[in-house]
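Biologist: Could you take me through this chain, with the cut-off behind each term stated where it is used?

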Amino acid sequence: PGIFFTRWITHFCAPAFVFLAGTSAFFYGRKHADLARFLVWRGIWLIVLELTVLRVAWTFNFDFVHYVMAGVIWVIGWCMILLAALSRLPVAVVGCIGVVVIAAHNLLDPHLEGIIAGLGTDPLSGLWKILYIGFFAGPVQFGASGPSLMVLYSIVPWVGVMAAGFAFGAVLTQEPARRRRICTSVGMGAIALFLILRGFDLYGDPRPWRAAAHGEAGAAMPALVAFLNTNKYPPSLDFLLMTLGPTIALMPLLERARGPVAGFVSLFGRVPF
């Protein structure tokens, strides 16, 4: 349990990073006319750093031919580039697109095994891995002797998370009392929806927790562990509700935080990376 929950608590990081990156882009756009250009260049810069500096920091070697990693900084970069195009649309439309991507991508769950089984080394298969399926389908190969790209974070549905975060910026522009009510309602609503969808195994995750708890797919898990063990690669609707719900619900409390600990965390949060 200690190992599981140590891992589980880290699941809140990536959704919050991507969601609030979208929110930050919204506020940048309120003060600068070059939002799209800024997002494209920032995205390219993040992708380059992921494939070079951060890859070496993870692996401690320079053998780029056999292994290149596409992690969370990579996907934030690509999502920023895509958000540059979306940002030209009305904010409400961007938010709707984000929510639809988050909510609807699990419709592919029944077809994933067939899709993965049909993948090869052709460019279309590589595109599937980069866009959605990720590393469960194996690395993307660039030629017979070229580098292999291990996609940890696929673009879908993370681009939906950033788009939803972009629209969420409009919520944070409301007067304080209204902003706090909306954050509490959205956050608690997401938690409630997670409990319903996950509790009854209705929709939103390719791994039913009841089957895992009863050992139908291998060794049985404790019920609570199985319930919380939602899919991160790619992140399922249940995973995102489980993580973004509490994040948004806590915002009204965190914005009131004062004192040396709050000051340290605020300063730390403003530092790049």
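What follows is a set of questions and answers on cores, surface, backbone and charged pairs.

Modeller: This is a predicted model, in which local features need pLDDT of at least 70 and side-chain atom pairs count only at pLDDT 80 or more, whereas totals for chains, interfaces and linings use all residues. Residues are numbered from 1 along each chain as its sequence is written, and side-chain values use heavy atoms, with hydrogens and water left out.

Biologist: Which residues touch the most other members of the largest nonpolar core?

Modeller: A nonpolar core is a set of buried Ala, Val, Leu, Ile, Met, Phe, Trp, Tyr and Cys residues joined through side-chain atoms within 4.5 Å. Buried means under 20% relative accessible area, exposed over 50%, and partly exposed in between, with a 1.4 Å probe and protein chains only. The largest such core has 64 residues, and those touching the most other members are Ile76, Leu83, Leu149, Trp158, Val161 and Met162.

Biologist: Leaving aside neighbours within four places in sequence, with which residues is Trp158 in contact?

Modeller: Contact means heavy atoms within 4.5 Å, and Trp158 belongs to the largest nonpolar core. With neighbours within four places in sequence set aside, Trp158 is in contact with Ala14, Pro15, Val18, Val75, Cys79, Tyr153, Pro235, Phe239 and Leu240.

Biologist: How many residues are in the second, separate core?

Modeller: Ile115, Leu119, Ile133 and Ala137 are among the members of this separate core. Its number of residues is 6.

Biologist: What is the area of the nonpolar surface patch that includes Leu131?

Modeller: Patches are made of residues with over 30% relative accessible area and no salt bridge, like charges being joined within 9 Å and nonpolar side chains (Val, Leu, Ile, Met, Phe, Trp, Tyr) within 5 Å; accessible areas come from the Shrake-Rupley method with a 1.4 Å probe, and for residues only the protein chains shown count as cover. Leu131 is found in helix 7 (residues 123-133), where helices (H or I, at least four residues) and strands (E, at least two) are DSSP runs numbered from the N terminus. Leu131 is partly exposed, with a relative accessible area of 35%. Together with Leu108, Leu124, Leu127 and Trp128, Leu131 makes a patch of about 420 Å².

Biologist: Where is the proline of the cis peptide bond with omega of about -10° found?

Modeller: Most peptide bonds are trans. A cis peptide bond with omega of about 5° joins Val156 and Pro157, and Pro157 has its place in helix 8. The cis bond with omega of about -10° joins Tyr233 and Pro234, and Pro234 is found in the loop between helix 11 (223-228) and helix 12 (237-254).

Biologist: Is Phe60 buried or exposed?

Modeller: Most residues other than glycine have a negative phi. Phi of Phe60 is near 60°, a positive value, and this residue lies in the loop between helix 3 (35-59) and strand 1 (68-70). With 72% relative accessibility, Phe60 counts as exposed.

Biologist: What is the phi of Asp201?

Modeller: Asp201 is placed in the loop between helix 9 and helix 10 (209-213), and at 28% relative accessibility it counts as partly exposed. Although it is not a glycine, Asp201 has a positive phi of about 50°.

Biologist: Which residues does His11 touch, not counting those up to four places away in sequence?

Modeller: His11 lies in the loop between helix 1 (2-10) and helix 2 (13-31), and it counts as buried at 9% relative accessibility. With residues up to four places away in sequence not counted, His11 touches Lys232, Phe239 and Thr243.

Note on methods
Salt bridge = Lys/Arg side-chain N within 4 Å of Asp/Glu carboxyl O.
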